[in-house]
Amino acid sequence: MADDNPSLIERNSKCGRVSSARLVYLEAMGIQVWVRRACQPQTPVITSLSAAPIVAARSKSEQQVETQVKVSPIGKDHVVSVASMDWETLRERVSECTLCELHKTRTQTVFGVGDREADWLFIGEAPGADEDRQGEPFVGRAGQLLNNIIRAIGLSREKVYIANILKCRPPKNRDPQPKESLACRPYLRRQIELLSPKIIIALGRVAAQNLLQTDTPIGKMRGRNYIYEDSDIPVIVTYHPAYLLRSPREKRKAWQDLQRALKFVN
Ligand code: SF4
């Protein structure tokens with residue numbers, strides 16, 4: 001069960017055991033910070049992990065490749081060759097990719113950013129206008145909030161990896177179409193294989209549904225424990241930072257999700 005009161009992060013200014021920087025980030029997330037006399041632990045309080053069963057959202061990757069080859073215009077050769085690429089070859093292939101119509105309207109591809117040894121992988125939906133211009137995911141206001149979220153769990157943007165379901169911006173920020181997600185999927189799958197993170201955070205409905213190959217509403221996905229494909233990598237579903245900017249009251253729920261993620265990693 002998720003914690004009903006997850007926002008309790010305590011501090012004591014005399015002890016200074018909870019870093020002031022983290023408090024700033026927590027408060028920026030909308031997480032209430034209480035002051036107590038007693039010194040408190042430096043790390044956020046982690047409550048019990050959800051009792052929800054692990055949900056294997058997809059079947060074996062070999063079967064997925066077969067399925068993908070059947071329904072996708074990209075072909076088996078592409079899927080197989082991407083599956084053996086190293087980071088630089090993969091980045092180069094993505095930068096030249098014309099497998100779906102989005103290549104016609106992009107300024108540049110948005111491959112992903114961060115530490116290639118990271119334990120944490122954050123996956124969003126697709127580049128927006130700022131990301132398309134700068135070639136980096138989550139650089140606008142939503143990106144600033146994501147940075148605060150990452151700092152609130154004691155990390156930095158440079159210490160995690162951030163990627164999207166799609167590497168190219170859909171016009172007018174529309175949802176990715178199934179054929180676009182399908183065409184782009186081998187790239188993200190290879191990134192995940194190369195990274196081998198301890199946890200994946202799916203940011204928002206589109207990311208979660210594409211990553212886990214489901215049409216379950218995000219409200220029902222939050223609080224459940226998923227694994228990615230046939231790996232043992234847990235996937236935590238939470239709200240997209242852009243949604244949290246529009247609905248700041250939901251930040252508390254996002255913090256619940258991150259606490260569950262911390263429990264997995266730790
Ligand atoms: Fe290629 Fe993905 Fe860009 Fe489509 S969105 S052109 S599949 S890199």
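Where does the ligand sit? In this predicted model, the ligand sits in the largest cavity.

**Ligand site**

- Residues Cys97, Leu99, Cys100, His103, Arg106, Lys167, Cys168, Ala183, Cys184 and Tyr187 are found around the ligand.
- Seven residues of this shell are nonpolar, one is polar and two are charged.

- Strand β5 spans residues 120-124, and five of its five residues are buried.
- Trp120, Phe122 and Gly124 lie on one side of β5, while Leu121 and Ile123 lie on the other; both faces are covered.
- β5 runs parallel to strand β7 (residues 199-203), to which four bridges join it.
- Within this pairing, tryptophan 120 has isoleucine 199 of β7 as its bridge partner.
- β5 also runs parallel to strand β6 (residues 161-164), again with four bridges.
- Here isoleucine 123 has alanine 163 of β6 as its bridge partner.

**Strand β6 and its link to β4**

- In β6, Tyr161 and Ala163 point one way, Ile162 and Asn164 point the other way, and all are buried.
- β6 pairs with β4 in the antiparallel sense over two bridges.
- Tyrosine 161 of β6 is the bridge partner of glycine 114.

- Strand β9 (residues 234-238) is largely enclosed by the rest of the structure, because five of its five residues are buried.
- β9 pairs with β7 in the parallel sense over four bridges.
- Threonine 238 in β9 stands opposite leucine 203.
- Strand β8 (residues 225-227) runs antiparallel to β9 and is joined to it by two bridges.
- Tyrosine 226 has valine 235 of β9 as its bridge partner.
- Six residues lie between β8 and β9 in the hairpin that the two strands form.
- Glutamate 229, in the turn of this hairpin, has a positive phi of about 45°.

**Aromatic pairs**

- The structure holds four aromatic pairs.
- One of them is edge-to-face: tryptophan 87 and phenylalanine 111 have ring centres 6.1 Å apart and planes at 80°, and an angle over 60 degrees counts as edge-to-face.
- Tryptophan 87 belongs to helix α4 (residues 87-95) and phenylalanine 111 to the loop between α4 and β4 (113-114), so this contact ties together parts that are 24 residues apart in sequence.
- Tryptophan 87 and phenylalanine 111 are both buried.
- Tryptophan 120 and phenylalanine 122 form a stacked pair, with 6.1 Å from centre to centre and 15° between the planes.
- Both tryptophan 120 and phenylalanine 122 are buried, and they lie on one side of β5 together with Gly124.
- Ring pairs also link Trp87, Phe111 and Tyr161 into a cluster.

Note on methods
Residues numbered from 1 in each chain as written. Predicted model: local features only at pLDDT ≥ 70, side-chain atom pairs only at ≥ 80, totals over all residues. Heavy atoms only, no water. Near = heavy atom within 4 Å. 1 Å grid on protein atoms, 1.4 Å probe; cavity = no way out; pocket = protein on both sides within 12 Å on 5 of 7 lines; lining within 4 Å. Sits in = over half its atoms within 2 Å of the grid points. Nonpolar A, V, L, I, M, F, W, Y, C, P; charged D, E, K, R; others polar. Buried < 20%, exposed > 50% of the residue type's maximum accessible area, 1.4 Å probe, protein only. Pairing = 2+ DSSP bridges. Phe/Tyr/Trp six-rings, centres within 6.5 Å; stacked < 30°, edge-to-face > 60°.
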